[in-house]
Amino acid sequence: IMFENYFKTTWRILIKDKSFSFINIAGLGLSMAVCLLLIMLINDAGNYDHFHPDSDRVYRINTEALRKGGGSEPYASSPYIVGATLASNFGGIESWTMFNTGFNTNVSVEKNKLDLNLHFTDVSFFNMFGFTLNEGNTSDALTEPNTIVLTKELGEKLFPGKDAIGKTVDISGAGLFKVTGVLNVFPGKTHFEFDALASFSTIPSLEKTNRVSTTLTDWQNYYTNYTYIRLKPGIKVSQIEASLADIV
């Protein structure tokens with residue numbers, strides 16, 4: 001009876017001022033929906049890159065570009081030469097890798113032509129991260145110049161029903177590349193976005209023909225390269241930051 005009285009009283013109040021009641025109920029419903037959406041987004045953001053080995057020791061080197069006129073701009077990228085110099089001069093780094101942005105171009109096989117998000121790297125990428133090959137060998141797939149590893153999706157589109165290993169693809173602006181690997185479907189969500197990985201050893205020849213900007217030696221080219229390092233157990237981030245300050 002008590003709850004029935006509460007219900008009747010509440011119903012009378014709602015009916016008495018329908019506009020006010022509608023605004024309150026709609027506001028409550030909207031706020032709950034927004035909260036649930038935020039919870040889902042936060043939960044989703046925390047599900048990225050969990051499949052990489054020893055990910056708690058992996059860091060990306062970012063850049064803060066200080067402008068002559070004042071102010072600064074943050075970048076997730078950094079010069080290739082910074083990672084190479086840090087890795088060769090600081091003993092606390094277990095491994096490092098580059099993820100060079102390369103081209104947003106297209107790839108073709110005979111009359112089959114597709115858009116391509118291409119990046120350049122080498123075997124160190126597979127040593128650092130948990131990407132595996134369905135076809136090919138991670139130890140040498142990206143060793144020689146003009147070799148390429150395809151995602152499983154791209155491999156099926158370019159060579160439907162066929163083995164892609166050993167085949168040749170034509171990349172607009174970069175030339176012919178030999179397929180040396182096809183990736184497995186990614187085992188989880190990742191912030192890496194690419195359709196194919198080409199061998200970083202191709203970069204010198206692309207530099208000579210001005211098809212890519214100077215990458216290997218340009219300290220100011222922080223636009224086209226992402227640098228990742230994995231620290232040795234027990235090494236603190238502050239030690240790396242001190243070494244980076246020395247390099248700067």
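Guide: Start at R230. R230 is buried, with a relative accessible area of 8%. Buried means under 20% relative accessible area, exposed over 50%, and partly exposed in between (1.4 Å probe, protein chains only). Residue numbers run from 1 along each chain as its sequence is written, and side-chain values use heavy atoms, without hydrogens or water. The model is predicted: local features need pLDDT of at least 70 and side-chain atom pairs 80 or more, while totals for chains, interfaces and linings use all residues.

Now its partner. The side chain of R230 meets that of E94 in a salt bridge, 2.9 Å from N to O. The cut-off is a Lys or Arg side-chain nitrogen within 4 Å of an Asp or Glu carboxyl oxygen. R230 sits in strand β11 (residues 225-231) and E94 in strand β4, so this pair links distant parts of the chain, 136 residues apart. Helices (H or I, at least four residues) and strands (E, at least two) are DSSP runs, numbered from the N terminus.

Stay with E94. At 36% relative accessible area, E94 is partly exposed. R57 is itself buried, with a relative accessible area of 15%.

E156 forms a salt bridge with K152, with the closest N and O atoms 3.7 Å apart. Both residues lie in helix α5. They are four residues apart, about one turn of the helix. E156 counts as partly exposed, at 47% relative accessibility. K152 counts as partly exposed as well, at 29%.

K152 is among the residues that line the second largest pocket, together with L114, D115, T151, E153, L154, K157, N184, V185, F186, F194 and D195. A pocket here is an open set of points on a 1 Å grid over the protein atoms alone, where a 1.4 Å probe fits, with protein on both sides within 12 Å along at least five of seven lines; lining residues have an atom within 4 Å of a point. Strand β5 (112-121) and helix α5 (152-158) are the elements that give two or more residues to this lining. The largest share, four residues, comes from α5, the helix that holds the E156 and K152 pair.

One more site for context. The largest pocket is lined by 19 residues. I61, N62, V82, L244 and V248 lie nearest its centre. Two or more lining residues come from each of β1 (58-61), β2 (63-66) and α7 (237-247). Helix α7 gives the largest share, five residues.
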